[in-house]
Amino acid sequence: MSLIDSKIDSGAGIITLLDGDGGNRLNPSFLGDFSSALKDLSDNPEAKFIIIRSKGRNFCLGMDLVALEEGKVAIEPVVSAVNDYTSLLSDIYHCEKTVVSLIDGPVKAGGMGITAACDVVLASEKASFELSEALIGLIPANVLPYLFMLRVPPQKARYLVLTSAQINADKALNI
């Protein structure tokens with residue numbers, strides 16, 4: 001069963017991340033389905049623009065570390081997932097159609113990359129944003145190219161990365 005739904009409604013290509021209550025965790029299957037949905041809508045002339053949204057309380061809480069840890073004996077599944085994620089961000093950013101993310105809940109780690117790669121971000125009062133990688137000893141290396149300079153000035157990006165501070169939609173807009 002796919003955790004991604006896509007459709008076209010009145011000229012809008014809509015990608016819905018269906019596991020919001022589970023965090024819409026990025027794992028190989030999820031990333032593959034997401035990339036396929038994005039490509040299908042990008043190639044479909046009926047879709048004039050693309051919306052990415054979530055069903056449930058979270059937009060995206062980043063990589064599915066449990067799924068990736070299952071491949072801890074072999075590095076290939078981890079490398080594959082990171083490559084798939086990097087490709088997805090590039091595809092969102094370079095999409096010829098306007099890509100809009102609708103945020104109505106928490107966005108963390110890899111979810112920040114998806115959001116930052118979009119052309120337009122619309123966030124409700126329930127939205128929050130957090131680069132939480134530092135909490136587990138990582139840096140958001142794949143997220144930073146889309147965040148740094150495109151959306152956030154260098155010193156503010158540095159603060160967000162080093163502190164893992166959670167910010168609300170109003171503070172994100174001001175940054």
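By buried I mean under 20% relative accessible area, while exposed is over 50% and partly exposed lies in between, using a 1.4 Å probe and protein chains only. Before going on, please keep in mind that this is a predicted model, in which local features need pLDDT of at least 70 and side-chain atom pairs count only at pLDDT 80 or more, while totals for chains, interfaces and linings use all residues. Residues are numbered from 1 along each chain as its sequence is written, and side-chain values use heavy atoms, with hydrogens and water left out.

Back to Ala-109. This residue is found in the loop between β5 and α4. Helices and strands here are DSSP runs numbered from the N terminus, with at least four residues of H or I for a helix and at least two of E for a strand. Ala-109 is not a glycine, yet its phi has a positive value, near 45°.

Now to the sheet that β5 belongs to. Which strands form this open sheet, and in what order? There are 3 of them, in the order β5-β7-β8, with mixed pairing. Two strands are said to pair if DSSP finds at least two bridges between them. At the edges are β5 (106-108) and β8 (166-168), each pairing on one side only. On average, neighbouring strands of this sheet are turned by 20° against each other, ignoring direction. Angles come from axes, which are lines fitted to C-alpha atoms, for helices over the stretch in contact, and they run from 0 to 180 degrees between N-to-C directions.

Strand β7 (residues 128-130) and β8 run antiparallel and are joined by 3 bridges. Look at Phe-129, and you will find its bridge partner, Ile-167, in β8. Helix α4 (residues 110-117) packs on this sheet, touching β5 and β7, and its direction makes about 100° with that of β5. Touching, or contact, means heavy atoms within 4.5 Å.

Ser-164 sits in the loop between α6 (154-163) and β8. Is Ser-164 buried or exposed? It is buried, with a relative accessible area of 7%. Not counting residues up to four places away in sequence, Ser-164 touches Glu-130, Leu-131, Ser-132, Ala-134, Leu-135 and Tyr-159.

Let's move to the other sheet. Here 5 strands form an open sheet in the order β1-β2-β3-β4-β6, again with mixed pairing. The edges are β1 and β6 (120-123); each has a single partner strand, so one side of each is left without a neighbour in the sheet. From one strand to the next, the twist averages 20°.

β1 and β2 run antiparallel, joined by 6 bridges, and the bridge partner of Ile-8 in β2 is Gly-13. The two strands form a hairpin with 2 residues between them. What is the relative accessibility of Ser-10? The value is 76%, so Ser-10 counts as exposed.

On to the next pairing: β2 and strand β3 (residues 49-54) pair in the parallel sense over 6 bridges. Ala-12 stands opposite Phe-49 in β3.

Now for the helices. Leu-41 lies in helix α1 and, at 4% relative accessibility, counts as buried. Leaving aside neighbours within four places in sequence, Leu-41 is in contact with several residues, including Ile-8, Gly-13, Ile-15, Ile-50 and Lys-97. Leu-41 and Ile-4 are 37 residues apart in sequence and 13 Å apart in space, C-alpha to C-alpha.

Finally, how do α1 and α3 cross? The axes of α1 (residues 28-43) and α3 (residues 76-94) come within 10 Å and cross at roughly 25°. That makes α1 roughly parallel to α3: angles under 35 degrees count as roughly parallel, over 145 as roughly antiparallel, 65 to 115 as roughly perpendicular and the rest as oblique. The crossing is left-handed, meaning that the near helix is turned anticlockwise from the far one by less than a right angle, whereas clockwise would be right-handed.

The residues that meet include Leu-31, Phe-34 and Leu-38 in α1, and Tyr-85, Leu-88 and Ile-92 in α3. By class, this contact has 8 nonpolar, 1 polar and 2 charged residues. Nonpolar here covers Ala, Val, Leu, Ile, Met, Phe, Trp, Tyr, Cys and Pro; charged covers Asp, Glu, Lys and Arg; the others, Gly among them, are polar.
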